[in-house]
Structures are given as structure tokens and as C-alpha cells.
Amino acid sequence: MSKNLVIVESPAKAKTIKKYLGKDFEVLASYGHVRDLVPKDGAVDVANGFDMKYQVIDRNEKHVKAIATALKGSDELWLATDPDREGEAISWHLVELLREKKLLAGKPVRRVVFYEITQREVQNAIQNPREISDDLVNAQQARRALDYLVGFNLSPLLWRKVQPGLSAGRVQSPALRLICEREEQIKAFVPREYWTLEASAQKDGDKGPQAFTAKLIELQGRKVEQFTLTNTVSALTAKNIIGKAAQGELTVAAVDKKQRRRNPAPPFTTSTLQQEANRKLGFTASRTMRAAQQLYEGVDLGGETVGLITYMRTDSVSLAQDALAEIRNTIVAQFGPAALPDEPRYYKTKSKNAQEAHEAVRPTAASRLPKDVAAYLAPDQAKLYELIWKRTVACQMQQAVFDTVAVELRAGADNAFRANGSVLVEPGFIAVYSQGVDSPSGKDDDDDDKRLPALEVGERVRLLDLIADQHFTEPPPRYTEASLVKTLEEYDIGRPSTYASIISTLLARDYVRLEGKAFNPTDVGMIVNKFLTDHFTRYVDYEFTAHLEDDLDAVSRGEKQWKPLLAEFWQQFKQRVDEKQELSRSEVSEARQLGTDPVSGKPVSARLGRFGPFVQIGTKDDEDKPRFASLRANQRIDTITLDQALALFALPRKLGQLPNGEEVEVNIGRFGPYVRHGSSFVSLKKDDDPYTVELPRAIELIEQKAAALEAATIKRFGDTGIRIVKGRFGPYITDGKRRARIPKGKDAEALSVFECEAYLAEAEKAAPKKGARKTAKKATADAAPKAAKKVTTKAAGKTAKKAVKKTAKKAAKKTGDKT
């Protein structure tokens, strides 16, 4: 066995580091976190000083055992998990587990950190070990406890008051609020009309005519603003006034020439990397972080495994001195000495809690060009590496230099136009990289530059035309991943390393959906947000969330104690949760009244139910039961109209008859829209609309299914309806209503009709009848508490699980026999 056991988080990282450390070091992976809070009430014991109860994560138990076994034959333990709070906590949890197993007696435990996985950095870290940082561990424990206390108390409230399966999170909920508030702004937005007036002008010269445009800035001695011209009349009036004053010519009144310099953007932080990868590559935050993790942990470059980028979870924009020297050498080699400024550029982070000891995200070797490694990388890795390389190199290059000119042209004494032009004189860093922007067009600033002809004061140019254009103000755009990440960072909500998981959770819970690149909140998301903002205002408040993040950062620096922080939070939060237990579902999911059904005269409303958004005709107080219909995928409670709601009650629709006389109707069922004929069903295709599909298309689908069944039929038994069909998982027997698997070893083509009938009858008998599942669930629920009381050891836990399953099976069988 090796004398030294090194623990990292991932097998890819382990493989890379092993090559750098040699035969005296064994490197194993923990595969992420090894322990987490027990998933039940009381995991954070608020009555006993916020004592936290942990258990080994099931999927990583075998990895912990492997580490324990390897440690028995080793002299020293080296903890090389990631250099952040989570990495520190993984090391601490692992030490706690190994100490419980009494495997650390007399064995030194050393913590090492590195921000890039290169031979130099790894070996340097081994030469400079430290102790596990209690402050970082406590900050992570405090964060985990806060997330648990919020989630474990708010989520059940949402299940009861809104819909099962929902969740609320300490950082997730303010992020949802941002998206929902933007949606409310869009809904409330009232467009305003305005007009612009442009002059189409032309200078005649030796080189031929040169056309250009200029924008109206002064009308009858008054400055023109956005709403100076607000309708057709005012626009045409202005056009006539200027036309008469100009008499076909504009006079150059002023020419302002300047040289503008633009500096490159700083190197990437986690946040800006996620934003730019979304803008330029179309990557989601989670996709970006996945590719970045792979580049950091190491890639095989033709026999040599090396980490290609520095640690990707950072809020720093600083670069190490040796990295700066290498970047500058690369610039000279690739772009020439003129592209290099006299001195390196140094950047300072805007984040007040940034850890300046970290570096920005950069290539571990700037001399390793994207084209040199592309053949060894997966497509996402190659694209992301090129983006990081370009941004890093560009940040140390010369400024971009533009010659700009602003020309004022007058039409008479009281009317003026302005034309702006710009020419890129020295590209500088733009030759390598230009930062993306969050604009509706998605264009960078340089895309708007245009060239003007050489103009002198007093010169006259021809006025070709006056162009009046109508415009309307637009609502604020919905958030994209890039703009949401940027806003979260501006509000100091969460941390860059958590943005990907925040967004993933919002999508997974169906609180928001991505339409193109933009987030659109769903009905569930809007109602959850309303519930939280109405009843838990403080905990979705942006300032409160940011202040809590500052407190956690203070804990990580040793400036605050973590348990008093939890106590202060819990005291107020628990009181609020208790106050809201008596809320009724109707108070939370308020119905939206749409109008009156013209047929029945009953009210029509829309609301969110336990199984999703729906519309309702009538009320529970009516003599007749209310009628219900689910909303379609593209419909929302807050925007659906009365006519759209009434149209939902058109199903089931009768389409007509088949030639054999069977009625054909279309409806929506548990598994989506379908066509029914007789006792048979055919699913509609993705592009078929159950509200508009007609009989010919239904017949086409029925015939397609029949043809597919015929093609898959191995054997048919006359008019019995029984046939053996080739299925996805092997041949099976069916009579159109029942289905049975063919026993292993039986030849499908050799089966008789009697054997097939017997297998169908056996399958029908074995299938659970209505009510059996409910009884089984009840049996499981009844058995679980009894079994749980006996759980004192792992073996007892397994016994309890078996007892629960056995009880459930018995109940299901008993119910099936009675039915």
C-alpha cells in the first residue's frame, strides 16, 4: 500500500493528480459529498443548539468504505478537495467518519488546496499543507442548516395549500420573485406611440455620391425627445416644416471629431463565464459548469492528462504574476509586439465578499492554444475552452481605438439633425474577443458603427428624403439565463457557484419554462411566488437575502459565530410558519373570475388545483356538480379569456363514424390527447390539436396504428382476436384489451391459441384491481411507523423495509382476491 492517501472529489481529478504525485501516493475520489443531513424532521435540532444529525449518503457509502480500507495501510491522509466551503466541508465530514471508525489514530491529517491541476501547483500544495478551516466548515454548515430549515418548513406548507411536490428555497424563492415581478411588469405595460424623423442625405464628390442618414434632434428651436412626435399628424407636420425650411439641402453646422478608446473586459469569474457562455454559446448555467468542471479536472492530451483551466468557482478577477507573464508572451507570439501594452492590466472585483486569494477563471497555460487541444476535447469542452482562452488573452491586450465623428446638419435656422459615425482604427483586443451584451437584438456595440463621408463646416449636402417612422415603446424583456445570473449577482443573492442549481430547481419544479432563451413563469410559479411574497415577505426580500449571504461570508472569515446566526433567523421564521398553518387553500390559490357561461348562466373561473391549472363552470354550492377542464400547455390562469375557457369544454368531440359504423371521438386523457373508436384508442401525434383535428386525420391515425400492429404481428389466431406481437421488449400476447408476456424459453411461434388464452387469463388475474393500490399504500403507511420504531442499526433498517413491503404485498393480494 502507498504511504500517503490523497482524497479528491472526482475520479477524473484523481486520475490527473495521481500522475503528478508518483508511486508513494494513492489518490481516491469521494465522489462529492459523503454525508448529508438525515432526511427527516429534527435533522437540525433547534432545541439543542442547532445540533446537526448527519448520515452517509447511500450512493457514496461504497466509496467511503474504499477510502477506509486504503487508509488502514497508509501512514498519512491528505485532503485535496476543492478550495471552497463545499470542498472544506467534504474534507471535514470525511475526517469525522474516519474518526468514528477509529482509523485516524497516530496518522497525520493534512489539508491541501490548489486552484489549478498542474504538476507545479499540485506539488507546491503538497509542500504547503494546512489544517481544515473550522470557519469555512461552519459557514457551510450554517448555509446547509438555513436551507434545510426553510425547505423543511415551507415546502410542506406549499404541499397542503397549493399543490403536492412543490418546494421553497432560501435563495430559489427570491430568484423566482425576480422572474415573476418582471412578468407582472410586462402584463401591466401599456405601449406608447412615438415617431422618429430621419434625413436621408447625400454628399456628391470626386469619388461619386456618398449617402448617409441623420436623426432629427431639434425642431423649431426645441430639443427633440422620445415623445416629441407622438402621432401621424405631428410627424407629418414636422416633415412639412423641415421640408420647407431645407429646400432640398442641409448645411453642415458642426463637426466634432474624437478618438475613443475601449478597454477589454476583465477575465472571467464564475458569474461572467455563465453569462457569456449563455450569450455566445447558448449554454445553460449547468451545461457551462459541467464542461468547466471537466476542463479543470483534467483532459487526456494524447497521453498526458492535464487540467486546462483554473478552478471555475471564483468571484475574483485577479491573475497570478506568472500567469500574466505567460499571457503577455503568448500575445507577442500570436499577435505581435504592437498588441501588447507596456504594463500588465490589473483588475479589481466589484464583489465586496470576493476572495482575492483565488484567481479568475483562466487557462492553466495561455500558450496552449484552442486549436492545439480541440482534437482532444468534446464539443462543449472545446467551445468553452476557446471562450475562456480568448477572454483571458484579450484582457491583457491593447485598447481598441475608434475614430468617431458627430456631425450637426441644419435645415434652416431652427431645425437640426445629427449623424454619428465611427471607424475602428486599431482593433487591439477586439481582434481576439468582444464582450456580449444583454440587448433585444443580441448585438454587440460595434455592430451599430457606421462610416460617414468627410464633411466640413459650412458645406451643403443634398436632402434626398425625410423618413418618418412609427414606433411603440416595448415592455422590459423577460430574463434570460445570462441576465438572471447578472441580476442575482447585482442583488447579491446566492453565490455564483449556486446559480446553476437555482435555475435547474426552478425549471425542475415547473415554476418557470424556457421559451427560446427567456424564462416564462408558469401558473404554479406565479401562485407560489404570490403565496411567498404575501405571507413570507421578509424571506423573499432581496436585501434580507443578500444580508444573510453577507452574514455567511462573515462566518467563513471568522468574524461571526454560526449558531447565534441560526438562532436569530429561526426565532422569527418559525413564528411566521406557525401563523400561516391555518390558511385555507382558497386564500392561497385565489380563483380568477372570467365571466358567465352563456348556456348555463353559471360563473366561469380559473384557478390552480392539486393537479394543475383548470377552469370551472359553476361552484361547489350549486345543485349540480361544477364542470372542470384543464388548461392547455400554452394557456395561463392570469391571461386566459372567457371564450378560451369555454372552448376547453368542447371535449370530448364527436368526429363522425368509421365505415364499420363505430363512433369516433377525440379527448384528452391521463397520457395526453387521443382518438377513440369503439373500445380502441389511438394517441394523437405531437402536432395534432384535439380541439381542431377532423375525421380524415383520425382515420389516418387509426389506419397507421393498425398497419403498425399488422407489421409487428408474428402470429394470429383466426377470428379470436388473439395475436402474438413483436414488442419493444420482446414478443407478447394480446387480444386488444388484455396483454401477457410470453414465459422465458417459450417459442412464440409454437404457442397454441389455448396457451395464449391461458396466459392472458393469468395476466388478468395477477393485475391489481381498482382499490388494491390504495389498500397497499395504506398498509405501507400503517406498517412504516411500527417498523421505524425498531430501527436502531442498519440491519434493523433493512428488516423494517422488508416488513413494510411484505405487508403491502399481502394487502394488495388480499384486495385483488376479494375484488
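Strands β25 and β26 are paired in the antiparallel sense over 6 bridges; two strands count as paired if DSSP finds at least two bridges between them. Helices (H or I, at least four residues) and strands (E, at least two) are DSSP runs, numbered from the N terminus. The structure is a predicted model, in which local features need pLDDT of at least 70 and side-chain atom pairs count only at pLDDT 80 or more, while totals for chains, interfaces and linings use all residues. Residues are numbered from 1 along each chain as its sequence is written, and side-chain values use heavy atoms, with hydrogens and water left out.

The pair β25 and β26 belongs to an open sheet of 4 strands, ordered β24-β25-β26-β27, with antiparallel pairing. Its edge strands, β24 (653–657) and β27 (680–683), each pair on one side only. On average, neighbouring strands are turned by 30° against each other, direction ignored. Strands of a sheet pair through backbone hydrogen bonds, either parallel or antiparallel.

## Pairs and hairpins along the sheet

β24 and β25 pair in the antiparallel sense over 4 bridges, and K654 stands opposite E665 in β25. These two strands form a hairpin with 5 residues between them, and G661 in the turn has a positive phi of about 95°.

A second hairpin joins β25 to β26 through 2 residues. Here V664 has H677 in β26 as its bridge partner. Strand β26 (residues 672–677) also pairs with β27, in the antiparallel sense over 4 bridges, and R676 stands opposite F681 in β27.

## A helix across the sheet

Helix α20 (residues 695–712) lies across β24, β25 (663–669), β26 and β27. The helix runs at about 100° to β27; axes are lines fitted to C-alpha atoms, for helices over the stretch in contact, and angles run from 0 to 180 degrees between N-to-C directions. Contact means heavy atoms within 4.5 Å.

## Two packed helices

Helix α6 (residues 172–188) packs against helix α14 (residues 496–508) at an angle of about 70°, with their axes 10 Å apart. The two helices are therefore roughly perpendicular to each other, a term that covers angles of 65 to 115 degrees.

Which residues of α6 meet I502, T505 and L506 in α14? They are Q172, A175, L176 and I179.

Note on methods:
Parallel < 35°, antiparallel > 145°, perpendicular 65-115°, else oblique.
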